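Subject: Structure handover

Hi,

Here is the structure for your files. Please open it first, then read the notes below.

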Amino acid sequence: MDSYSIESNKKKSRMPARLDFAQSGTGLILGIFMWAHMILVGSILLGKGAFNFVAKTMELAFLSDTGHGFPVIVFFAVFIVFTLFITHALLGVRKFPISWKQHRIIRDQMQMMNHTDTNLWYIQVVTGFIMFFAGSVHLYIMLTNPGAIDPYLSADRMVSYNMWPLYLILLICVELHGTIGLYRLCMKWGWFAGKDPRKSRQTMKKMKNRATIFFLTIGILALLVFIVIGIKHRDNVGEKYSKQNTVIKKIQSGEEFFAQNTVQGLEKMQSADLIHQ
Ligand code: HEM
């Protein structure tokens, strides 16, 4: 009782609320960033040229005389995102169950309540834990190779440097974590609640599911396209993409095709002549 009165006499700390606010803020920025990121990476679906254009534009290549761009811009962008990512993860760790006993209690209560939003919270905890490792690997590689983003180098990373399994796991986690996170933010702060909160909760849930399916589809298709490019490019790992090279290769393969057809045609004509003789 004594300890209770001492506790209640203490001024209530605002720290937990501030930390919660910071976690929501960093989560919101990262969630919106990830949607933009998936659209940009998804440009590979429009072709190698489209992805290269996006990568070069991010490096502000249009401002440089050589057209090579400034990879240092990508470095700073990754640095900022990495800092937000770590801050968000550290703030999230506060809410993780820290012992097997705590975990068991949460699981038992979840089974008892069978409440969808509580289940979504648990998915966020698990995906967040996996992303802490998988996301850090990806961000570290981007931080240390800011000038190595182009259709061939990215595809080489996926296939020849065996990154695709990590990307697949990260993709599933990030899409679930991000859309659930944005949905929970709307619920927590009452955004878009409207006149009928129950109805708007259902609508938001539908939108959340559609966003997850949309971004997962783009991500998986992009991953497949990168894998195909990476497999075809296995003999030239490390070679950068360039429009000129692509045109030259097309002309060369066209010439080869023409030469092969001509040889075959001549052979056919010769054998036909032999028959007539
Ligand atoms: C500014 C920071 C970032 C940059 C510049 C960046 C850049 C890229 C690039 C260029 C790719 C294509 C593959 C490659 O080149 O290796 C990629 C793929 C990917 N990134 Fe990031 N990324 C950033 C942050 C993040 C973060 C924070 C996450 C999630 C934690 C993430 C998750 C992914 C996933 C899941 C893929 C695979 C996409 C797919 O399979 O379609 N990225 N990223």
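Some terms first. Angles under 35 degrees count as roughly parallel, over 145 as roughly antiparallel, 65 to 115 as roughly perpendicular and the rest as oblique. Axes are lines fitted to C-alpha atoms, for helices over the stretch in contact, and angles run from 0 to 180 degrees between N-to-C directions. Helices (H or I, at least four residues) are DSSP runs, numbered from the N terminus.

This is a predicted model: local features need pLDDT of at least 70, side-chain atom pairs count only at pLDDT 80 or more, and totals for chains, interfaces and linings use all residues. Residues are numbered from 1 along each chain as its sequence is written.

Helix packing

Start with α6 and α8. Their axes are 8 Å apart and the packing angle is about 135°. α6 and α8 are therefore oblique to each other.

Next, α2 and α8. Their axes come within 9 Å and cross at roughly 130°. This pair is therefore oblique as well. The crossing of α2 over α8 is left-handed.

Then α8 and α9. Here the axes lie 10 Å apart, at an angle of about 160°. That makes α8 roughly antiparallel to α9. α8 passes α9 in a right-handed crossing.

Ligand shell

Which residues come nearest to the ligand? Of the 22 residues around it, they are Gly135, Ser154, Gly219, Ala222 and Leu223. A residue counts as near if its C-beta atom, placed from the backbone, lies within 6 Å of the molecule.

The helices α2 (15-41), α4 (71-93), α6 (116-144), α7 (151-159), α8 (164-189) and α9 (197-232) each supply at least two residues of the shell. By class, the shell holds 16 nonpolar, 5 polar and 1 charged residues. Ala, Val, Leu, Ile, Met, Phe, Trp, Tyr, Cys and Pro count as nonpolar, Asp, Glu, Lys and Arg as charged, and the others, Gly among them, as polar.

Individual residues

Leu185 is in helix α8. Leu185 has 16 other C-beta atoms within 10 Å, so it is partly exposed.

Phe133 sits in helix α6. Phe133 is exposed because it has 11 other C-beta atoms within 10 Å. The C-alpha atoms of Phe133 and Trp189 are 29 Å apart, and the two residues are 56 apart along the chain.

Please check two backbone spots. Leu60 is not a glycine, yet its phi is positive, about 55°. Leu60 is in the loop between α3 (48-58) and α4. Leu60 counts as partly exposed, with 14 C-beta neighbours inside 10 Å. Phe192 also has a positive phi, near 55°, and is a residue other than glycine. The loop between α8 and α9 holds Phe192. Phe192 has 13 other C-beta atoms within 10 Å, so it is partly exposed.

Domains

The chain is divided into domain 1 (17-240) and domain 2 (242-277). These bounds come from an automatic or database domain assignment. The domain centres, taken over C-alpha atoms, are 48 Å apart.

Best wishes

How values were computed:
A residue is buried if 20 or more other C-beta atoms lie within 10 Å of its own, exposed if 12 or fewer, and partly exposed in between; C-beta atoms are placed from the backbone. A crossing is left-handed if the near helix is turned anticlockwise from the far one by less than a right angle, and right-handed if clockwise.
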